[in-house]
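Take a moment to look over the sequence and the model that follow. The paragraphs after them go from the whole chain to single residues.

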Amino acid sequence: MADIIKLLPDHVANQIAAGEVVQRPASVVKELLENAIDAGASTIKLIVKEGGKTLIQVVDDGIGMSVTDARLSFERHATSKIQSAEDLFKLGTKGFRGEALASIAAIAHVEMQTKPEQDEIGTHLKIEGSKIIFQETCATPKGTSISVKHLFFNIPARRNFLKSNQVELRHITDEFHRVALAHPQIAFQYYYNGSELFNLPSSNLRQRIVGVFGTRANQKLVPVEEETQVVKISGFINKPEFAKKSRGEQFFFVNNRFIKSPYLNHAIVAAFEGLIKSGTHPGYFLYLDVDPGSIDINIHPTKTEVKFDDEHTLYAIIRSTVKHSLGQFSVVPALDFEQDQNLEVPYSYTNKGAEIPKVEVDSAYNPFAESKSNTAQMPRKKSTKGWESLYVGLESKVGQDVDFSSLSFESETITGSVFENDEDELLSVSTTFQLHRKYVVTTVRSGMLIIDQGRAHQRVLYERFLKHGTSADAVSQQLLFPLELSFTKNEIGELALIKEDLHALGFAFGELNDESVQIKGVPVSMTETDVAQVLDQLLTDFREQTVGESFSQTDRLSKSLSKALAIKTGDQLDQDSQLALVNDLFACKETTVSPFNKRIYITITENDISNKF
Ligand code: ADP
Ligand code: MG
């Protein structure tokens, strides 16, 4: 048989390798920024246009490259950073594979201008799809500038796979954050479509965090410092009260390299146990310095995962260090440990006629109540009014027919209410009780219903939001004193995108500037104290698109709002509230599934029961 094996031509091999290295514009940004850092730059400029699809440029003032190096840098496995396999065990640089530039040049139009400090004249080089278009001398300042245009120009499948500019920009900005946080001493500038997004001078870590996340970040930070034989830990954690619905502010760096480690993340979460509400995540910026020989950063092509020699020890050290910091900065003792159970105010669902919602502080919430038990089960207490006000201003009465005919629901196709054939069955609902602060149990003629209280309430709120969101005049309550809420630039950008839709649901916005948003009005069903948390939740949902893209923006936001505002597992409901919830649920158009398509209740018929005996 004739020989059939051939070596792939370089440009094909490069394209294949590129598939691993370059997933999206943000990967290019990461590689270029890291090269600039490895080159010892003290100032780095990042310029991006249209989600990085048309331009990504990184300009540094690092060591630059000679004429020959400039050409060689685009060869695969060409690197100045390691020479032998042993070097892999004492890595001090970000890069080492010598693949990035070759890969990028295989799938884009790349132009480089570079000059070492001591040279008079620099090199200008242009490559498109691994083909050198020209290489000539040029006048250029010390350092290197690389621009990448028309990413994936020769791989349409990849190009089409890219998300909207907004989404790609977010990935790029995430990458920028990681690099900027890993190197506070390096100055960074970041421009998007011609305007400056970040201008971060060389600074210390605290200043850098504030530069990235806004001035409000400062008050959240608690320093963390520990040195042991295996690891040196430094950085900050956010105070527990600033725990967020999103994981946006969780950063681990190992030897100044951003990494993801669910295992070590767990160590921190464990240290926060009992201090934060379930469903929220602590923020942290932790820097681990370990012996490069004790880690293996080679297990992932994009190098965000690291293998440690002794993960268990690290876990224990991190957990106790974080705990220590929480205690030392009197974060822990400052909170209230004792709570008189007699002061608990149960929910009430009475007096629904009140027109003006009151601002309520969740004064009964005690994060330490039963802190030894699983946090997810932690009972939460709210004041009476919090629950009541969810309904204030909404005209529909319990049991009254609500006209939803003009609305469309995602669950239109799902039918089959248990009461379909027996309309007056519900009238027999008279007794209810609450089970495990999670279910409301009620009897109906045919047997017994066990209702998930959170999902039921989500359904009720969702349908009300949809109704109001689609009516021209959303019901909004003006705040006497507008709220000023801080956000990151990223979040402000996202808020701007959904502002109109939020308006339709009853939010009234004042000014949106770089770091904060003025809120002048909120939907009637919301209390002022909920606003920050609810917006946080909305942004998280928006970002992660957890509520799906199927329907209108209003539909998505209504779902998200209902999730944020609904009562939760652990909330205690008094008799009236339980009854009202049941009635409200069965006044809904759809009663069987939550807005997120989860079953709301189960029925146990008398038959089922007798069969057990
Ligand atoms: P790696 O970073 O893994 O070595 P790259 O393909 O990213 O591989 O870069 C190849 C080589 O090009 C680097 O080893 C370095 O010598 C050189 N290089 C790349 N970017 C720069 C830069 N901004 N300044 C100076 N040298 C650079
Ligand atoms: Mg590199």
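Two residues are in contact when heavy atoms of theirs lie within 4.5 Å. Among contacts in the protein chain between residues at least 6 apart in sequence, 71% join residues at least 24 apart. The model shown here is predicted. Its protein chain has 613 residues, and buried residues make up 50% of them. The secondary structure comes to 16 helices and 22 strands. The accessible surface of the chain is about 29,100 Å², and 51% of that area belongs to carbon and sulfur atoms.

One residue shows what a contact across the sequence looks like. I172 lies in helix α6, which spans residues 165–182. Is I172 buried or exposed? Its relative accessibility is 0%, so I172 counts as buried, because buried means under 20% relative accessible area. Leaving aside neighbours within four places in sequence, I172 is in contact with P25, A26, V29, L46, V48, G51, G52 and Y190. Of these, V48 is 124 residues away from I172 along the chain, yet the C-alpha atoms of I172 and V48 are separated by 8.8 Å.

In the pair of Y190 and F198, the ring centres are 6.0 Å apart and the planes are at 15°, so the pair is stacked; planes under 30 degrees apart count as stacked. Y190 and F198 are both buried. F253 and Y287 make a stacked pair too, because their planes are at 20°, with ring centres 4.6 Å apart. This pair links distant parts of the chain: F253 is in strand β11 (residues 250–254) and Y287 is in strand β13 (residues 284–289), 34 residues apart. F253 and Y287 are both buried. Ring pairs also join F253 and Y287 into a cluster with F213, F251, F258 and F285.

Strands β11 and β13 come up again with helix α8. This helix covers residues 262–271, and L264, N265, A267, I268, A270 and A271 in it are buried. What do the buried residues of α8 pack against? They pack against β11, β13, β15 (307–308) and α9 (311–328).

Next comes the ligand. Ligand 1 is surrounded by 18 residues, and the closest are N35, T79, S80, K81 and G98. By class, this shell has six nonpolar, eight polar and four charged residues. A polar side-chain atom of N35 is 2.8 Å from an oxygen atom of ligand 1. In the side chain of D60, an N or O atom is 2.8 Å from a nitrogen atom of ligand 1. T144 has a polar side-chain atom 3.3 Å from a nitrogen atom of the ligand. On its own, ligand 1 has 530 Å² of accessible area, and the protein covers 93% of this.

Strand β6, made of residues 143–149, contains S147. S147 counts as buried because its relative accessibility is 10%. Apart from neighbours within four places in sequence, S147 is in contact with L55, I56, Q57, H109, V110 and E111. H150 is found in the loop between β6 and α5 (156–161). H150 has a relative accessibility of 40%, so it counts as partly exposed. Its phi is positive, at about 50°, although H150 is not a glycine.

What is the phi of N193? The value is near 45°, again a positive phi in a residue other than glycine. N193 lies in the loop between β7 (187–192) and β8 (195–200), and its relative accessible area of 44% is why N193 is partly exposed.

The last stop is D452, in strand β18 (residues 447–452). D452 counts as buried because its relative accessibility is 11%. A polar atom of the D452 side chain lies 3.1 Å from the backbone nitrogen of R455. Not counting residues up to four places away in sequence, D452 touches K438, Y439 and I600.

Definitions and conventions: Residues are numbered from 1 along each chain as its sequence is written. Chains are lettered from A and ligands numbered from 1 in the order in which they are written. This is a predicted model: local features need pLDDT of at least 70, side-chain atom pairs count only at pLDDT 80 or more; totals for chains, interfaces and linings use all residues. Side-chain values use heavy atoms; hydrogens and water are left out. Helices (H or I, at least four residues) and strands (E, at least two) are DSSP runs, numbered from the N terminus. Buried means under 20% relative accessible area, exposed over 50%, partly exposed in between (1.4 Å probe, protein chains only). A residue is near a molecule or strand if one of its heavy atoms lies within 4 Å of it. A polar contact is a pair of N or O atoms within 3.5 Å; within protein, one must be able to donate a hydrogen and the other to accept it, and residues adjacent in sequence count only if both atoms are side-chain atoms. Accessible areas come from the Shrake-Rupley method with a 1.4 Å probe; for residues, only the protein chains shown count as cover. Ala, Val, Leu, Ile, Met, Phe, Trp, Tyr, Cys and Pro count as nonpolar, Asp, Glu, Lys and Arg as charged, and the others, Gly among them, as polar. Rings of Phe, Tyr and Trp (its six-membered ring) pair if their centres lie within 6.5 Å; planes under 30 degrees apart count as stacked, over 60 as edge-to-face and the rest as tilted.
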